[in-house]
Amino acid sequence: MAAHTSAPGENLKINGERLWDSLMEMAKIGPGVAGGNNRQTLTDEDGEGRALFQKWCEAAGMSMGLDTMGNMFARREGTDPDALPVYVGSHLDTQPTGGKYDGVLGVLAGLELIRTLNDLDIKTKHPIVVTNWTNEEGTRFAPAMLASGVFAGIHDEQWAYGRTDADGKKFGDELARIGWKGDEPVGSRKMRAFFELHIEQGPILEAENKDIGVVTHGQGLSWTQVTITGKDSHTGSTPMKLRRNAGLGMARVLELVDDIAWSHAPDAVGAAGHIDVFPNSRNVIPGKVVFTVDFRSPQLEVIQDMEARLKEGAQKIADRMHLGIEFEKVGGFDPVTFDEGCVTAVRNAAERLGYSHRDLISGAGHDACWINRVAPTAMVMCPCVDGLSHNEAEEISKEWATAGADVLMHAVVETAEIVE
């Protein structure tokens, strides 16, 4: 990326009260049952949240672009019409029991930095574009980060349109139904850089009393679906030596998964979150289990090692227990190294503003992980209480949100180049 010009002064700060008010106003749309939000992608509530965001953007003097995947691009012009825009944003969709900040903070902090530049009559050479990526969560339509993945050329658009929810409704049909399918070809935009602010979704920043996480890498992920087959039989009348207990086989494999993850401490993790047991009856020894092992690490070679050791070790367990076993890779992406220039802009912004900070590896996937494939990218993180996320009790403080948005603005504005 090109060298940055003069940095903004440390007195350039966003309006923290206005940002917080916007977060609370957006949270009124698609309220959850326990204080959070249920604004799943391509629901009526998602459409309502989009409309409010567009209204705010237009009030701030921005023009709205909309592509064929429903990605929203609110543009503030720069003084050079030919200069590549600097992009900033995240997502407005939530989990079914989501919080008020996951994703939303990154979008509305982008809006707030534009409002601040307007208040101070600051112009930039490069346009700034605030983005809402469609279906980051992937709860209703798998996989996660779907629209940013299509934008970056990871997924085929027609394949994405054909993704179905639990009721059999198709992504493409629902996007058209709520009225947010645009005409602009997806992926046609070129970016100078992309910055994303997000809550940490982990406990490190709060535990270490740091204001800002400078995200240098994103963890890679590997999902392997394991199917173990034994024999259904009566729990009371089947002698121990004649049992082919698929459930017990799974228990031993999960012990192995834990051991493998610990062997690569502290940065690697592993567990099985999705487990189905058949026939799942109190008095029947399980004859079949299907579960998905989730391994993550910031190093590709570590993920590959964990995958290989899972297959080798689980096969031995199954053979010893006279069980059948099958493995299927059902998801994953390689670790991400964010752009050095963009990361430096974030770190310098935190320094300049006097916020405490530390380098961080993102444990979750984000739209920035895909956009990093097509543009220089970095992330800013702020703490969240107890690291709790994807939960209606998700909480951050006004001060954390303000600090994250300040750092985001400085990194974006430095990259977009202030016109004196």
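**Close-up 1. Helix α1 passes helix α3 in a right-handed crossing.** A crossing is right-handed if the near helix is turned clockwise from the far one by less than a right angle, and left-handed if anticlockwise. This is a predicted model, in which local features need pLDDT of at least 70 and side-chain atom pairs count only at pLDDT 80 or more, while totals for chains, interfaces and linings use all residues. Residues are numbered from 1 along each chain as its sequence is written, and side-chain values use heavy atoms, without hydrogens and water. Helices are DSSP runs (H or I, at least four residues), numbered from the N terminus.

**Close-up 2. α1 (residues 16–27) packs with α3 (residues 104–120) at an angle of about 140°.** Their axes, lines fitted to C-alpha atoms over the stretch in contact, lie 10 Å apart; angles run from 0 to 180 degrees between N-to-C directions. The angle makes α1 oblique to α3, because it is not under 35 degrees (roughly parallel), over 145 (roughly antiparallel) or 65 to 115 (roughly perpendicular).

**Close-up 3. Residues of α1 meet residues of α3.** From α1, R18, L19, S22, L23 and M26 are in contact (heavy atoms within 4.5 Å) with V104, L105, L108, A109, E112, R115, T116 and D119 of α3.

Close-up 4. C384 is in no disulfide.

Definitions and conventions:
Helix = DSSP H or I, 4+ residues; strand = E, 2+ residues; numbered from the N terminus. Disulfide = S-S within 2.5 Å.
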